[in-house]
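Dear colleague,

Here is the structure I said I would pass on. Please look through it first; my notes follow below.

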Amino acid sequence: LYNDFIMSLDGGKDGVAVTGNAAGRDGGALYNNDNIVGNAVFTSRNVEFSRNTAGSLNSGGAIYNQNGVLNLTNVSFTNNAAGRLGGAIHNWNGEINLSVEAGGTAAFAGNTAGGQANSIPVASNATNCIYTRVNLNVAAGGVLDMRDPMSGVAGDDFFGPGNIVIAKSGTGQLRLGGASRFTVDTTATNTVRFTHGGGQLY
């Protein structure tokens, strides 16, 4: 799938699976591409992305998000793989809104990049991008189980400054697995911020 404007995928009450897709380039199942920040919006609910693969030199096993917005509610990522970065999702200068509804569950498990466990790498390094965000909203009784670690890089000498924000909200549980690593290029204009606005963090 390729999206450069507005696309939605709703699994309905029973849910659907997007599985077994392979791309020779970035984004095994979806490339969400926006040349103007915020205009490519992909919205999905009650979907599982499973066993999708990006190329051996490419990123985003299931989804590659460049400058766009991903609105994902009750969406799980399992056993996706990329040769380079982002076992589940690669987020470059975009925004990801991961939500779990009350009593629901979403999981990131078995996703790999370059043979190593990885869920979402976040890259922020463009002069027209103020913040690259991952918003994690988990409602009461819900669980967002991120067994695969995240990663990120804020700023780049070539592409420009960057700022990353990872924000948890809602009263549900956020479970983090592995060792998530974020780095900042050595200038004062680059930042990585984590905010915890409620609920349990494991």
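**Notes on the model**

The 11 positive and 13 negative charges of the protein have mean positions 7 Å apart. Lys and Arg count as positive, Asp and Glu as negative, while His and the chain ends are not counted; the place of a charge is NZ of Lys, CZ of Arg, CG of Asp or CD of Glu.

This is a predicted model, in which local features need pLDDT of at least 70 and side-chain atom pairs count only at pLDDT 80 or more, while totals for chains, interfaces and linings use all residues. Residues are numbered from 1 along each chain as its sequence is written, and side-chain values use heavy atoms, with hydrogens and water left out.

**Overall build**

The protein has zero helices and 22 strands (DSSP runs numbered from the N terminus: helices are H or I with at least four residues, strands E with at least two). Its radius of gyration is 15 Å, close to the 17 Å from the globule rule for 202 residues, so the protein is as compact as a globular protein of that length. The radius is taken over C-alpha atoms, and the rule is 2.2 Å times the number of residues to the power 0.38. Of the 202 residues, 51% are buried (buried is under 20% relative accessible area, exposed over 50%, partly exposed in between, with a 1.4 Å probe and protein chains only).

**Aromatic pairs**

The whole structure holds five aromatic pairs. Rings of Phe, Tyr and Trp (its six-membered ring) pair if their centres lie within 6.5 Å; planes under 30 degrees apart are stacked, over 60 edge-to-face, the rest tilted. Phe 49 and Phe 77 are stacked, at 5.1 Å centre to centre with 5° between the planes. Phe 49 is in strand E5 (residues 41-50) and Phe 77 in strand E7 (residues 69-78), 28 residues apart, so this pair links distant parts of the chain. Both Phe 49 and Phe 77 are buried.Phe 77 also pairs with Phe 108: the centres are 4.9 Å apart and the planes at 20°, so these rings are stacked too. Phe 108 lies in strand E11 (residues 105-109), so its pair with Phe 77 ties together parts 31 residues apart in sequence. Phe 108 is buried as well. Elsewhere, ring pairs link Tyr 2, Tyr 31 and Tyr 64 into a cluster.

**Two backbone points**

Most residues other than glycine have a negative phi. Asn 46, in strand E5, has a positive phi of about 55° and is buried, with a relative accessible area of 16%. Asn 93 has a phi near 60°; Asn 93 sits in the loop between strand E9 (89-92) and strand E10 (95-100) and is buried at 2% relative accessible area.

Regards
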